[in-house]
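The structure is shown first, and the notes follow by topic.

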Amino acid sequence: MRREVLLTPGPVELHPRARLSLSGPQLHHRTEPAREAFLAVREGLRSAFGTAGEVLLLTASGTGGMEAAVRGLFSPGDRVLVPVSGKFSERWAEIAEAAGLLVDRIELPWGEVLDPEAVAARVGDGTRGLFLTHSETSTGVLNPVAETVRAAKAKNPDLFAVADVVTSLFLAPVAMDAMGLDAAVAGSQKGLMLPPGLAFVALGERALSALRPAGYYLNLARELESQQKGEGAYTPAINLVLAAREVLAVLLPVLDEHLAEKRGQNERLYALGERYGLRPVPAQGGSPAPPEFRSPATAAFYLPEGVAYRDLAGAFLRRGYRIAGGQGPLKGRIFRISFMGYFAPEEVERAISAFAAVLEELLGP
Ligand SMILES: *Cc1c(COP(=O)(O)O)cnc(C)c1O
């Protein structure tokens, strides 16, 4: 049976360099070649995140990186602000609550773009942290993180700003230090086109000074000590680290072109959907948001009148493609289709044709 092609916003089609690397023999993690690869990946990611600080690699999915950042930078009882406008921003609130922080949630309709001034209006003298989601994969929104952090820090310069850049890193411009972020989190199975299994936690200078030992496995202070020497505190997913080095080596030198290509591919999905009358999910004040607020990570559309998600997904599967549905309150109301993974130009054309054929089958020409 031919396997299906993933048009899902994570996990994604693997980069050919990753597949090649992953077919190699097992390397022991406490050896010089392993340490070299570990340090090279930390260095490459430092440049990708745009920070003069440190990037730590954790053997976990992206959520593990989020939890490690929350526990390493905050203490129970700290007041933090979390705008909630989708599945992943909601996850920040849940992780912070589970860590005993006092969470002030700003509840927004899912799919709304953040309004920096409205967020800043909720920042107080006692607000110690602000958690943002750059690319809200559940709704396809790209949030104005730099503007929001600037407005929030204008009210309270002492707060720590932390962002989920899981589906903006390698897909949209990310420059952590320049965006005013103190920490940011990403993972391997999204824009880096690797299998799931690695989380990346980037810490700026302020976050490094504030880091405290917390937890056992997801303990960033302990990891920092080991990782400065090129080793994880435990057995890292070294095979993924080796594959990450291979992909970074080809991706970083052409990152700007890569980002432009990803944005272009995503805009083609939106153009096609809109030609068939589909309504995009990203919204600003209830109306479709301008294209700069659409995440290049995924296109997201409301399901057309009278079409069930199951039927739409089935029509894609019959053509060899898997798409994704909605989550939380958007379950059964939207679908998501993504070129986040690796697609050669002819594969992009094939997938676009399949999307057109599905829309024609369900909606008529
Ligand atoms: C995928 C994703 C995560 C992490 O999810 P995991 O399943 O834990 O890897 C976090 N935030 C966003 C925006 C994501 O898309």
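In this predicted model, β15 and strand β16 (residues 334-337) run antiparallel and are joined by two bridges. Helices (H or I, at least four residues) and strands (E, at least two) are DSSP runs, numbered from the N terminus, and two strands pair if DSSP finds at least two bridges between them. Residues are numbered from 1 along each chain as its sequence is written, and side-chain values use heavy atoms, with hydrogens and water left out. Because the model is predicted, local features need pLDDT of at least 70 and side-chain atom pairs count only at pLDDT 80 or more, while totals for chains, interfaces and linings use all residues.

- Gly325 has Phe335 in β16 as its bridge partner.
- The open sheet has three strands in the order β13-β16-β15, with antiparallel pairing.
- β13 (299-302) and β15 (324-325) are the edge strands, each with a single partner strand, so one side of each has no neighbour in the sheet.
- Helix α10 (residues 255-275) packs on this sheet and touches β13 and β16; contact means heavy atoms within 4.5 Å.
- The direction of α10 makes about 20° with that of β13, where axes are lines fitted to C-alpha atoms, for helices over the stretch in contact, and angles run from 0 to 180 degrees between N-to-C directions.

**Parallel pair**
- Strand β3 (residues 79-84) pairs with strand β4 (residues 102-107) in the parallel sense over six bridges.
- In this pair, Leu81 stands opposite Asp104 in β4.

**Nonpolar cores**
- A nonpolar core is a set of buried Ala, Val, Leu, Ile, Met, Phe, Trp, Tyr and Cys residues joined through side-chain atoms within 4.5 Å; buried means under 20% relative accessible area, exposed over 50%, partly exposed in between (1.4 Å probe, protein chains only).
- The largest core has 63 residues, and those touching the most other members are Leu7, Leu203, Phe316, Phe335, Ile337 and Phe355.
- Helix α12 (residues 345-363) gives this core its largest share, seven residues.
- This core lies between domain 1 (5-12 + 255-363) and domain 2 (16-252), because both give residues to it; domain bounds come from an automatic or database domain assignment.
- Beyond its neighbours within four places in sequence, Phe316 is in contact with Leu7, Tyr321, Ile323, Ile337, Phe355 and Val358.
- A second, separate core has 51 residues, among them Phe38, Leu114, Met176 and Ala237.

**Backbone details**
- The Gly10 to Pro11 peptide bond is cis, with omega near -10°.
- Phe170, in the loop between β8 (160-164) and β9 (183-187), has a positive phi near 70° and is buried at 3% relative accessible area.
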